[in-house]
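This report describes one protein model together with its ligand. Please consult the structure below while reading.

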Amino acid sequence: MSPTPPSARQQIVHPRHADHWRAQIDLGLDRLQRRMAGMTGPSTGCPPTTAEALAGGVDLDRPLGDLGQALTELERVWLDDAVWFADPGYAAHLNPPVVAPALVADCLSTAMNTSMDTFDQSVGATFIERALVAWTASRIGWAQPAAPDGVFTSGGTQSNLQGLLLARDTAREAGVPLDRMRVLCSADAHFSVSTGARLLGLGADAVVAVPVDRRHRMDPDALAVSLDAVTEAGDVPIAVVATAGTTDFGAVDPLSEVARHARHHGAWLHVDAAYGGALLVSPRHRDRLAGIELADSVTVDFHKTWFQPVACSLLLVRDGDSLRHVAWHADYLNPPEGTDPHQVDKSLQTTRRFDALKVWLTLRVMGADQVGGLLDDLIDLAGRAHAALSTEYPDIEIAAPPELTTLVFRCHPLHSELGEPELTELNQEVRQRLYASGAAMVAATRVDGRQFLKLTLLNPLATLEDVLAIVDRACGAMAELTTELPRAHRSVEPAEVG
Ligand SMILES: *Cc1c(COP(=O)(O)O)cnc(C)c1O
């Protein structure tokens with residue numbers, strides 16, 4: 001005998017139905033906790049075909065009517081194979097495990113369903129967001145008489161887009177034609193710079209890649225040369241994008257020198273600190289961001305090095321007035337004669353989650369030093385992993401010493417005659433085998449056309465032993481493959497001989 005299912009109205013989150021939704025949340029959390037307790041690795045190695053079949057096998061037109069059953073189904077379709085970033089074997093992308101205060105915040109803001117667009121939908125939330133904007137700006141340390149401002153966004157991609165939009169419209173006001181606008185960034189900058197330029201109508205060719213030095217930082221002399229070349233061609237460098245923490249190497253461009261060149265050419269300086277932004281709260285490494293206060297706009301991703309749930313990013317500007325370029329007034333939302341403070345006036349989004357709350361609650365509970373301390377420990381961990389790999393692993397080739405918390409390496413058997421095509425195949429297969437094993441995950445990337453693998457260390461619970469265990473597994477796969485691969489390449493020979 002099953003209890004009567006709740007009516008549609010009873011599913012509405014309301015104090016009258018508190019017994020219901022609290023029990024439902026408990027049920028969801030129980031399943032989650034049970035799943036987490038049963039984790040034996042970062043993944044189950046589930047291949048795309050299986051994952052597709054699991055979701056595809058659900059008939060969305062036949063509801064189960066009961067959360068318990070729906071959760072059981074969901075465990076099978078998603079949770080059982082979900083990638084688990086808090087597992088010490090996970091070292092692939094820039095995903096952190098999340099901190100508890102942020103999880104509570106996301107639950108509260110979701111339950112209230114607060115939206116950030118207008119004051120009358122958000123009230124205090126508007127000022128919590130504004131306080132965080134001001135606080136982060138104060139960490140950047142813009143010199144007076146700056147009037148910094150900013151807005152939370154869906155991620156670094158959107159923050160970079162908005163920064164470039166402000167640069168474009170500032171140049172447009174100065175009469176620069178769209179087809180003459182050029183954006184300079186390092187060859188290692190994030191692809192969202194090119195995406196942004198295309199979305200803004202500048203075309204992909206508008207982005208000029210500046211060479212990097214051996215540490216993968218933008219070479220300021222090369223930047224000066226590129227800026228001159230752009231000007232000599234009759235084009236206008238409207239923006240320079242410096243990266244503070246490149247996605248692969250964690251390299252921080254020399255911000256002060258880059259700023260000097262950008263200023264000399266009247267170009268907007270955007271600093272993409274999506275990855276390195278948490279250095280703002282680092283007790284030991286804040287100096288690496290020296291010069292960030294010379295930026296016109298800055299991207300900070302809280303959902304990377306600040307251990308916040310996706311999505312949580314911030315675009316900051318030195319001159320709040322520049323945000324007028326995205327302001328648009330609609331009679332039904334934010335009429336021009338209104339006096340209420342509306343965050344929509346500063347945003348590319350309209351309805352928008354209250355993502356600032358998780359940062360707020362994290363800072364109020366843990367404080368900035370604790371968050372930054374976690375990052376500092378991970379920087380140490382990357383350094384110790386590098387030391388171990390470069391001394392104790394002859395078959396591991398390292399692309400460059402770590403700058404933040406990534407380590408780009410590859411399997412390259414000592415004394416082997418493997419060429420680049422074989423090394424590419426070997427490393428891609430090593431990565432695939434790690435994933436399929438369910439015990440470890442690394443990312444893949446290319447450096448100057450050569451295939452590499454990458455450890456991204458964002459799990460404060462991982463020890464050096466855990467990191468080396470991932471590399472040991474990679475070495476194990478390499479050993480298997482180096483006996484298999486040449487055989488595969490020579491597979492026709494025995495028949496010919498016979
Ligand atoms: C991750 C990243 C981005 C993109 O940010 P999303 O939040 O993934 O949209 C941009 N720039 C850099 C340097 C990044 O590492």
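Strand 3 and strand 5 (residues 236-243) pair in the parallel sense over five bridges, where helices (H or I, at least four residues) and strands (E, at least two) are DSSP runs numbered from the N terminus, and two strands pair if DSSP finds at least two bridges between them. The model is predicted, so that local features need pLDDT of at least 70 and side-chain atom pairs count only at pLDDT 80 or more, while totals for chains, interfaces and linings use all residues. Residues are numbered from 1 along each chain as its sequence is written, and side-chain values use heavy atoms, with hydrogens and water left out.

**Strand 3 and its partners**

Between strands 3 and 4 the chain passes through helix 8 (residues 192-199), giving a right-handed β-α-β crossover; right-handed means that, with the strands pointing away from the viewer, the path from the first strand over the helix to the second runs clockwise.

Five strands form an open sheet with mixed pairing, in the order 1-11-12-10-9. Its edges are strand 1 (90-91) and strand 9 (396-398), each of which pairs on one side only. Strand 9 is antiparallel to strand 10 (residues 406-411), with three bridges between them, and Glu 397 of this pair is bridged to Arg 410 in strand 10.

**The ligand site**

The shell around the ligand has 16 residues, of which Thr 157, Asp 272, Asp 301, His 303 and Lys 304 come nearest; a residue is near a molecule if one of its heavy atoms lies within 4 Å of it. The shell divides into three nonpolar, 10 polar and three charged residues. In this grouping Ala, Val, Leu, Ile, Met, Phe, Trp, Tyr, Cys and Pro count as nonpolar, Asp, Glu, Lys and Arg as charged, and the others, Gly among them, as polar. Helix 7 (156-173) and helix 11 (302-305) each supply at least two shell residues, and the largest share, three residues, comes from helix 7.

Polar contacts (pairs of N or O atoms within 3.5 Å; within protein, one must be able to donate a hydrogen and the other to accept it, and residues adjacent in sequence count only if both atoms are side-chain atoms) are tabulated here.

| Side chain | Ligand atom | Distance |
|---|---|---|
| Asp 272 | nitrogen | 2.6 Å |
| Asp 301 | oxygen | 2.7 Å |
| Lys 304 | oxygen | 3.0 Å |

Taken alone, the ligand exposes 370 Å², and the protein buries 86% of that; accessible areas come from the Shrake-Rupley method with a 1.4 Å probe, and for residues only the protein chains shown count as cover.

**Backbone exceptions**

Most residues other than glycine have a negative phi, and most peptide bonds are trans. Val 310 and Ala 311 are joined by a cis peptide bond, with omega about 0 degrees, and Ala 311 belongs to the loop between helix 11 and strand 8 (313-317). His 216 has a positive phi of about 70 degrees; His 216 lies in the loop between strand 4 and helix 9 (220-232) and counts as buried at 10% relative accessibility. Asp 448 has a positive phi near 50 degrees. Asp 448 is placed in the loop between strand 11 (441-447) and strand 12 (450-456) and, at 72% relative accessibility, counts as exposed.

Note on methods: Buried < 20%, exposed > 50% of the residue type's maximum accessible area, 1.4 Å probe, protein only.
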